[in-house]
Amino acid sequence: MSAIAGICMLAAGEVESAPAERMAARLIRAGVEATGSYRSPEGRVALAAGGSVQPLANETHDVWLVLDGEIVNARALGHSLTLLGHRFRTGADAEVALHAYEQWGTDFLGHLSGPFALALWDDRRDRLVLARDRLGRKPLYLAERHGRLGFASAIAPLLDEMGLPRRLHAPALAQHLALGFVAPPLTLVDGIAKLAAGEMLSIERGRAPRLSSWAAPQPEERRCTAIRALSAERHVDNLRTLLECAVADRMMGDASPGLLLSPDLASSLVAAVTTRLAGRPAAAVAVHAAGAEGEAAAHALAGLAAAAGCEATMVAVTAEEAAAALPRLAARLPEPAGDPALLATWLAARAGAERKWTAMVAAPGASELLLGHPGYEAARRNTRMWTLKRLFPARLRAALWPSAPFAAPAVPGPLAALAGAVEAPVFAPLLPAWLGCDPLTAAAAIDLKGRGAEMLWPAVDGAAQDHGVEVRLPFLDEALAGYAAAVPGRLMARMLVRLARPLLPAAVDPLPALPLAEWLAAGPLAEAFARRLAASPLFAAGLNRGAVGGLNGEARWALLVLAEWHDALGLEGVAGVEEGQPAAVSG
């Protein structure tokens, strides 16, 4: 577990290692002092990493790399590279990635599996490579000013080091309100960009920077066609096997890793698989509300732990504790994420850290991968309608229904009501043409690329890493995700229930771990919301306070997280909007 930062000179001049070191130091949690750095001989690039023994170099010290995350297939890939003549000194994931670059050049990314963001400097070719993993587990942010390109695992160090104005970007704020995330290359902060999942930025002296997608958004058509021809029963067996392999990979040599147990079926399925693979009950942490408010969740969690065969430590949380945790949680998020489950993740990671855990396995990603989110019901209806439309000749179909079967995420942002008169931005990443006949699968692919990669997955990482705990998400395994993307959407109905049937006795109705809606109606969390509403510069120059009254509990939580994150970065409203002037995103 690490955090990376660096600076590259795009024009004449040199950079010292100190700015990169300051950014890396800003990223690591309290109590961790390890920070390493490298400055290229000509001073064009400085790399730094916090919380690990990096940067790492090859044998000739002319290729250097910093890595944030893990390479899940490092052991197998390292063995293959050894057979090709490479020699390893540490066996660290970053060293495996470094030797993969030496072997395959910029094609090395296609050989890496797992959650990562990396920066590599090749002094021989005067080349900087910045890249992000296929599914977007780890973020990487960029800022350019005065001929310097800064990059880091979070936004705050770039604001501090690059001297940027501390303002929100108005179009990005509109996206955040409408969709719940901001699509690359934009971020909520004016002047800061980000790589998309599966993107690489290559910078070489004398050439224009080259941004490319190194990971295909979906499996190639021939493979998908073969998968889609299988029966529903075969899909269940194959998905279950892939999930078991994904959990085994994320145990990473640990006989019984820690588990985050939530009151839902996906979490208990991961717990059951982990316990079976370990050969003994796995240790888990389960968060619920204290007192009568949390009785239903506590009862459900106890039943799930017993069914999965794990030993769960129950952590009861009060509204006061939730209110106290919120500012620190929001400050650690790469970008504001309104998912209420993140608070439970942060609290569970704190409990895990107290038990000396360095990693825990959790189940985020299951709803998107297996189409279990309630928001997909509309897309499911569209799938049935699109099937009927395909009975018409293509020319007539194009005349009657000129629009594409998918153009936006199936799950709107919780703050969509605050977008007001602003037209909801369309987020439709490049998808293969064959998905046009399966709107449900297309909607899930868009959500994985958008809401998942640009909001939820990095937020889960940020929440847990605040306590020094790495979260491993087996449902975001590349092999599992690639297979699930090819399964016809109509066959995904109740897929999670069918996967769990041999391991768990009955289906589970999901419950919220914490009653945030009730806590936001009265009590310490409601008071925190009122204070932010009255005092945050976000409302002074950005959002209309009058539009807040009709928001539901989930939307109020998302707005509170946005305001806390905004104020933790020291932002001062929206770029181009004077205080007292209504912003374009007012309700």
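Predicted model: local features only at pLDDT ≥ 70, side-chain atom pairs only at ≥ 80, totals over all residues.

Me: Is His-146 buried or exposed?
Reply: The relative accessibility of His-146 is 70%. The cut-off for exposed is over 50%. His-146 therefore counts as exposed.

Me: Which loop holds His-146?
Reply: This residue has a positive phi near 55°, though it is a residue other than glycine. Strand S8 (141–145) comes on one side of its loop and strand S9 (148–152) on the other. So, given how strands are numbered from the N terminus, His-146 is found in the loop between S8 and S9.

Me: And how does His-61 count: buried, partly exposed or exposed?
Reply: His-61 lies in the loop between S4 and strand S5 (63–69), and its phi is positive at about 55° although it is not a glycine. Its relative accessibility is 45%. Values between 20% and 50% fall in the middle class, so His-61 counts as partly exposed.

Me: Where is Pro-55 found?
Reply: The peptide bond from Gln-54 to Pro-55 is cis, with omega near 5°. As for its place, Pro-55 is found in the loop between strand S3 (45–50) and strand S4 (56–57).

Me: What is omega for the cis peptide bond that joins Pro-184 and Pro-185?
Reply: Pro-185 lies in the loop between helix H5 (170–179) and strand S10 (193–194). The bond joining Pro-184 and Pro-185 is cis, and its omega is about 10°.

Notes: Residues numbered from 1 in each chain as written. Heavy atoms only, no water. Helix = DSSP H or I, 4+ residues; strand = E, 2+ residues; numbered from the N terminus. Buried < 20%, exposed > 50% of the residue type's maximum accessible area, 1.4 Å probe, protein only.
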